[in-house]
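Dear colleague,

Please find below the structure that I am handing over to you. The findings follow directly after it.

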Amino acid sequence: MTNVPIDLAGKFLSFSEHWSPKVVARLNDYEVKVVKLKGEFVWHTHDDTDELFLVIDGELTIQLRDGDVTLRPGQMFIVPRGVEHCPIADGEVHAVLIEPVGVVNTGSAGGTLTAAYDDSLV
């Protein structure tokens with residue numbers, strides 16, 4: 001542990017790819033990740049965990065089967081475990097995710113948008 005704050009703006013500047021979360025910190029059995037989002041993701045679920053989205057920049061819509069949730073900077077939403085969802089961003093969005101260690105971004109869906117585990121920004 002160091003006594004240096006984590007500069008989220010600097011972390012976002014260090015990568016350009018979309019839908020590829022980067023671990024920036026660990027908290028007990030959880031990881032804090034930064035991610036850039038653009039376009040539509042895949043419909044998926046996380047059967048064993050909730051998923052927290054905190055928007056830092058841009059506007060993110062989280063599509064749910066029973067209605068959409070739109071987040072703007074400074075807003076967050078927790079998708080409950082087992083709830084099917086599909087994030088979509090018309091423009092680029094910078095977001096923070098907090099989830100247990102080992103969560104796969106595409107959950108149960110898999111596919112080409114499944115990101116490799118990346119903790120290079122820790």
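In what follows, two residues are said to touch, or to be in contact, when heavy atoms of theirs lie within 4.5 Å. Please also bear in mind that this is a predicted model.

Leaving aside residues up to four places away in sequence, His 94 touches Phe 12, Val 35, Lys 36, Leu 54, Val 55, Ile 56 and Asp 57. The relative accessible area of His 94 is 15%, and a residue counts as buried under 20%, so His 94 is buried. Its side chain also makes a polar contact, at 3.1 Å, with the side chain of Glu 92.

The nonpolar cores

Which residues have the most contacts inside the largest nonpolar core? They are Leu 37, Phe 53, Leu 60, Ile 62, Leu 71 and Val 93, in a core that has 16 residues. At least two residues of this core are supplied by each of strand 2 (30-40), strand 3 (51-57), strand 4 (60-64), strand 5 (69-71) and strand 7. Strand 7 gives the largest share, with 4 residues. Another core lies apart from this one; it has 8 residues, including Phe 12, Val 24, Val 32 and Leu 121.

Ile 62 deserves a separate entry. Beyond four places in sequence, the residues that Ile 62 touches are Phe 53, Gly 67, Asp 68, Val 69, Leu 71, Phe 77, Val 79, His 85, Cys 86 and Pro 87.

Gln 63 is found in strand 4 and counts as buried, at 16% relative accessibility. The side chains of Gln 63 and Glu 40 make a polar contact of 3.4 Å. Glu 40 is also among the residues that Gln 63 touches, together with Trp 43, Asp 68, Glu 84, His 85, Cys 86 and Ile 88, again not counting residues up to four places away in sequence.

Salt bridges

How many salt bridges does the model contain? The count comes to 9.

- Glu 17 pairs with Lys 22, and their closest N and O atoms are 2.5 Å apart. Glu 17 is partly exposed, at 36% relative accessible area, whereas Lys 22 is buried, at 4%.
- Glu 31 pairs with Lys 33, with 3.9 Å between the closest N and O atoms. Glu 31 is buried at 0% relative accessibility, and Lys 33 is buried at 5%.
- Glu 99 also forms a salt bridge with Lys 33, with the closest N and O atoms 2.8 Å apart. Because Glu 99 belongs to strand 7 and Lys 33 to strand 2, this pair ties together parts that are 66 residues apart in sequence. Both Glu 99 and Lys 33 are buried.

Glu 31, Lys 33 and Glu 99 are linked with Arg 26 and Asp 119 in a network of salt bridges.

The surface and strand 6

Leu 27, Tyr 30 and Ile 98 make a nonpolar surface patch of about 260 Å². Of these, Ile 98 lies in strand 7, which covers residues 85-100. Ile 98 is partly exposed, with a relative accessible area of 31%.

Ile 78 lies in strand 6 (residues 76-79) and counts as partly exposed, at 41% relative accessibility. In sequence, Ile 78 and Leu 52 are 26 residues apart, while their C-alpha atoms are 4.4 Å apart in space. Apart from residues up to four places away in sequence, Ile 78 touches Asp 50, Glu 51 and Leu 52.

Two backbone angles

Most residues other than glycine have a negative phi. Two residues here are to be noted against that background.

Trp 19 is not a glycine, yet has a positive phi of about 60°. Trp 19 lies in the loop between helix 1 (8-13) and strand 1 (22-27). At 9% relative accessibility, Trp 19 counts as buried.

Asn 28 likewise is a residue other than glycine with a positive phi, near 55°. Asn 28 is placed in the loop between strand 1 and strand 2. Is Asn 28 buried or exposed? With 74% relative accessibility, Asn 28 counts as exposed.

Yours sincerely

Notes
Residues are numbered from 1 along each chain as its sequence is written. This is a predicted model: local features need pLDDT of at least 70, side-chain atom pairs count only at pLDDT 80 or more; totals for chains, interfaces and linings use all residues. Side-chain values use heavy atoms; hydrogens and water are left out. Patches are made of residues with over 30% relative accessible area and no salt bridge: like charges are joined within 9 Å, nonpolar side chains (Val, Leu, Ile, Met, Phe, Trp, Tyr) within 5 Å. Accessible areas come from the Shrake-Rupley method with a 1.4 Å probe; for residues, only the protein chains shown count as cover. A salt bridge is a side-chain nitrogen of Lys or Arg within 4 Å of a carboxyl oxygen of Asp or Glu. Buried means under 20% relative accessible area, exposed over 50%, partly exposed in between (1.4 Å probe, protein chains only). A nonpolar core is a set of buried Ala, Val, Leu, Ile, Met, Phe, Trp, Tyr and Cys residues joined through side-chain atoms within 4.5 Å. A polar contact is a pair of N or O atoms within 3.5 Å; within protein, one must be able to donate a hydrogen and the other to accept it, and residues adjacent in sequence count only if both atoms are side-chain atoms.
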